[in-house]
Structure formats: C-alpha cells, structure tokens
Amino acid sequence: VNRKAWNLNGGDVFVFSWAKLGLANVVMRVGSIATGTLDNGLITVEAVEDVFGLPDSGYIEQQEGDIGSELNPSPSLYRKFIEASYFELESVFGDVFAKDIAQNVGYVSMACQASRTLNLDYEFRDRILGIGEFIKVDEAAHCPTAILTTDLAQEESSSVIVNGITGSFGAYGQTLYAIINNEYVRVDYLDTVTGQMDISRGVIDTVPVAHASGSMVFFAEMHTAYDNLQAYIIGTQLEAKALARTNSGTLAEASAPTDSLTIQARHSKPYPPAKIRINGSYKPSQVSGELTIAWEHRNRIYQSEVFEHPIDQALTGITPEAGTTYTINIYKNLISPVLCRTLTGLTSDSYTYPIDEELADCGGTVSYLTIEIFSVRDDIESWQKHRFTFERIYTGWGFNWGFNCGWWCMAVPRWYRDWE
C-alpha cells in the first residue's frame with residue numbers, strides 16, 4: 001500500500017475492498033507491517049480477516065469451491081493392522097501392564113493414512129472374525145506416511161529417498177520408529193522437503209529384510225490406535241476397521257475396508273539376536289574358510305525399561321533375557337534349500353562350524369549355504385528370524401588347491417600338479 005497506511009500498527013483493523021478479488025468492505029486486522037525505507041516508501045501489510053467483522057463483510061460474487069465433498073469422510077487406502085510388540089505396549093501403557101500380560105495372548109493395533117486432508121482422526125473398531133458387531137476400542141490421529149522411491153536392500157542402516165509424504169510429522173527425525181511392511185526401523189533423520197530419510201534397520205523385535213520400491217512407510221509411533229480392552233488367545237483370528245472422522249461425521253462402517261490377522265502372542269516372544277556377523281561381515285556374498293557366526297544379545301524387557309527409543313543393530317553390551325538360547329539352521333543349495341544341520345540351545349554369542357562337520361552334514365562341498373538364526377525362550381521363538389544366503393568357497397588342500405595357489409603351482413613339475 002502507499003503512505004496512507006503510515007499510522008497502522010500490529011493489531012489495528014481497517015476496511016479493505018478489492019473488486020478484482022470480489023471483496024467489498026472486508027474488515028481486516030494487521031498481523032505485521034513493514035513501513036518501507038528512505039528510498040522506497042512502499043508499505044507492506046500482512047493481515048487476516050477479522051473474526052469480529054465477519055457479519056459485516058461483503059462478497060461481490062459467490063465464492064467457488066467444492067469444500068463440501070472434502071468434508072465427507074472417506075476410507076483410508078493404506079492401513080497397518082498389526083499385533084503390538086512388547087516395546088509398544090510398555091511405552092503406551094506402562095511396564096506394569098506389559099509385564100502382567102499372559103504369554104499366550106496378544107493385543108492389536110491400527111495405524112492408517114488420512115485419505116483426505118480434512119480428515120480429523122479415526123475410530124478403531126475390531127471383533128473376532130465373523131462374530132458379533134465391530135466394537136470401537138480406540139481413536140487416534142491419522143498416521144503420516146511416505147513411499148520408497150527405490151528398492152531397499154537388507155542392511156543394518158540405510159539412507160533412502162521417499163516421496164508422497166503425507167501427514168503431520170511433529171517430532172519425527174528424533175529416533176522414533178516407523179514400519180515398512182513388517183520391519184520396524186528407527187528414523188534417525190527425515191527431511192520432508194527433499195525426502196531424504198536415514199534409518200536404523202530391524203529394531204525392536206524385527207530383523208532387516210529387503211523391501212521393493214513403492215513400499216509404504218508408516219510413521220506409526222504416536223500415531224497408532226490400540227485395543228487394550230481385550231487380550232486375545234494365540235490363534236484367534238481378528239478383523240478390524242478404521243472409520244475416518246471429519247467435521248461432518250464418521251465414515252459408515254460398511255464403507256470401511258476390513259483388515260484381518262491371527263494372534264501370535266508377539267509381545268511375549270524374545271527379541272532376535274542383533275549385529276549378525278558371518279566370518280566378520282554382515283550379509284557377505286561369498287564366504288571362504290571355516291564358517292563362524294557371531295551375534296549380539298537382545299532383551300525385550302531391559303531395552304523397554306532402559307531405552308526411551310528403539311536401539312539399533314550395532315549396540316553391544318546387552319544382557320540376554322533370562323532363559324534365552326539361540327537356534328541356527330543351516331541349509332544347502334540356492335534353489336530348493338535342504339536343511340543340513342540344526343543347532344539348538346546355544347547360549348554364547350558365536351558359533352564355529354568345523355569344516356569336517358559341514359562336509360559330513362552337507363554330503364560334500366556345496367555352492368551355496370543359507371544361515372537362519374533366531375532366539376528361543378520357554379520354547380517360544382522370536383517373532384522374526386535372520387536369514388542370509390551366500391556363495392560357499394572352499395580353499396586349501398583337497399579343495400582344488402592347485403587352482404588357488406597362484407604362481408607357485410605353475411612352477412612345480414607337471415606330474416605334481418596333475419596329482420593335485
């Protein structure tokens with residue numbers, strides 16, 4: 001505006017008309033004002049329509065828009081109906097609640113994306129499969145989401161670009177967890193403008209696995225509804241609905257998609273071991289020499305009580321939960337794997353597979369091996385298992401040594417090389 005506005009201050013009101021925008025005698029209140037400079041007298045005013053002047057405001061033409069349809073609630077297209085982990089139950093309901101849960105039951109949760117920007121929140125309803133009516137058990141804010149733009153490899157930490165970011169993130173980027181398919185990750189950094197996301201993989205009771213481009217990321221911590229009204233016995237099949245709510249009402253139950261799962265008593269399962277190393281490396285493509293597998297202990301109760309946020313694969317020094325042992329399954333062949341050996345009751349943090357036992361178990365040398373490792377406590381297996389497949393390389397006397405010994409083999413007599 002020009003210098004006629006010289007005496008306006010923050011909080012003052014004025015009458016504003018602008019035919020081009022269809023405005024006539026609209027009462028505005030000054031938010032801030034810049035009074036110009038010595039060589040430029042232009043005054044810049046930031047103002048909002050004054051709430052007390054609304055009845056006196058005039059509009060020359062009817063304002064266009066389709067806000068009515070946006071007010072109608074619509075179904076959430078992306079949802080995560082999942083059994084709650086011990087970490088989640090302890091974090092939300094406290095350690096007394098979590099410790100008192102029987103080992104043969106489980107609790108469920110729901111996170112879902114807002115299908116429209118004007119959705120306020122949603123009702124979480126569930127029931128035993130096909131029995132009775134859906135019962136409202138909780139309500140929650142919609143979950144922020146994003147989409148992986150590239151494939152995500154099986155690794156201990158990742159930096160990835162996501163797009164399609166929706167929702168309000170609040171404190172994200174401060175070591176809260178997110179869910180990609182059935183893997184929980186810790187969000188260490190998130191730029192909602194560029195889409196760069198740095199994550200620690202396989203946290204809480206999950207392990208790192210590969211994910212395809214286009215997988216949905218649910219930033220579920222602080223944006224999840226829980227059914228803590230009912231604990232369900234192992235094997236119980238449940239179905240659930242998320243009913244979006246707007247200022248105009250709640251989505252009709254019949255319009256909400258149905259999700260289902262089977263209770264596994266996830267909360268009672270021991271955490272899988274972490275920081276797996278095969279001959280010193282995580283997920284090697286080739287392994288030569290005697291096979292050694294090492295790992296770090298994890299403890300669902302201790303970690304939930306001591307650490308506010310999920311810990312990563314690299315953390316050392318955790319004492320295992322009482323009664324925890326480890327099981328290793330070793331398979332041969334890349335296609336149609338065949339189990340060669342199962343090791344149970346391991347209590348240390350490493351195992352070495354003697355080469356002679358490997359050859360006996362596998363019936364000689366093999367091209368590929370697959371290692372599967374998980375935790376067991378009270379005959380209860382961890383919710384997820386680490387799995388690694390690698391090419392097996394044999395070296396030394398009796399294993400085509402002549403092809404691996406280098407220039408010296410070329411210098412020895414022919415009869416010696418032929419014998420080898």
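Visitor: How does the lining of the largest pocket divide by class?
Guide: The lining has nine nonpolar residues, one polar and one charged. Here Ala, Val, Leu, Ile, Met, Phe, Trp, Tyr, Cys and Pro count as nonpolar, Asp, Glu, Lys and Arg as charged, and the others, Gly among them, as polar. Keep in mind that this is a predicted model, where local features need pLDDT of at least 70 and side-chain atom pairs count only at pLDDT 80 or more, while totals for chains, interfaces and linings use all residues. Residues are numbered from 1 along each chain as its sequence is written, and side-chain values use heavy atoms, leaving out hydrogens and water.

Visitor: Which residues line the largest pocket?
Guide: Val 1, Ala 5, Leu 8, Phe 14, Phe 16, Met 28, Ile 43, Thr 44, Val 45, Glu 46 and Ala 47 line it. Two or more of the lining residues come from each of strand E1 (13-18) and strand E3 (44-49), and E3 gives the most, with four. Helices (H or I, at least four residues) and strands (E, at least two) are DSSP runs, numbered from the N terminus.

Visitor: What volume does the largest pocket have?
Guide: About 210 Å³. A pocket is an open set of points on a 1 Å grid over the protein atoms alone, with protein on both sides within 12 Å along at least five of seven lines; a cavity is a set where a 1.4 Å probe fits but cannot get out, and lining residues have an atom within 4 Å of a point. Points are joined across faces, edges and corners, and the volume is the space filled by probe spheres set on them.

Visitor: And how many cavities of 30 Å³ or more are there?
Guide: Three. The largest cavity holds about 70 Å³ of space, and of its 13 lining residues Gly 202, Ile 204, Ala 274, Arg 298 and Gln 313 are the closest to the centre. By class, that lining has six nonpolar, five polar and two charged residues.

Visitor: What lines the second largest cavity?
Guide: Phe 87, Ile 204, Tyr 271, Gln 303, Phe 307, His 309, Pro 310 and Ile 311 do. The lining divides into six nonpolar, two polar and no charged residues, around a volume of about 50 Å³.

Visitor: Since Phe 87 came up, which residues of helix H2 are buried?
Guide: In H2 (residues 86-93), Tyr 86, Phe 87, Glu 88, Leu 89 and Glu 90 are buried. Buried means under 20% relative accessible area, exposed over 50%, and partly exposed in between (1.4 Å probe, protein chains only). Just after H2, Gly 94 takes a positive phi of about 100 degrees.

Visitor: Why does Asn 181 count as partly exposed?
Guide: Because its relative accessibility is 37%. Asn 333 is partly exposed too, with a relative accessible area of 29%.

Visitor: New topic: how many residues does the largest nonpolar core have?
Guide: It has 23, and those with the most contacts inside it are Leu 291, Trp 295, Ile 328 and Ile 371. Among the strands that each supply at least two residues are E21 (291-296), E22 (325-332) and E25 (368-377). Such a core is a set of buried Ala, Val, Leu, Ile, Met, Phe, Trp, Tyr and Cys residues joined through side-chain atoms within 4.5 Å. A second, separate core of 22 residues includes Ala 98, Ile 101, Val 105 and Phe 218.

Visitor: What is Trp 295 in contact with?
Guide: Leaving aside neighbours within four places in sequence, its contacts include Pro 273, Ile 276, Tyr 326, Ile 328, Leu 346 and Ile 373. Contact means heavy atoms within 4.5 Å.

Visitor: Last one: where does pLDDT stay under 50?
Guide: Over residues 407-420, for which the model has 13 contacts beyond four places in sequence. The mean pLDDT of the protein is 88, and 87% of its residues reach 70 or more; pLDDT is the predictor's confidence in each residue, from 0 to 100.
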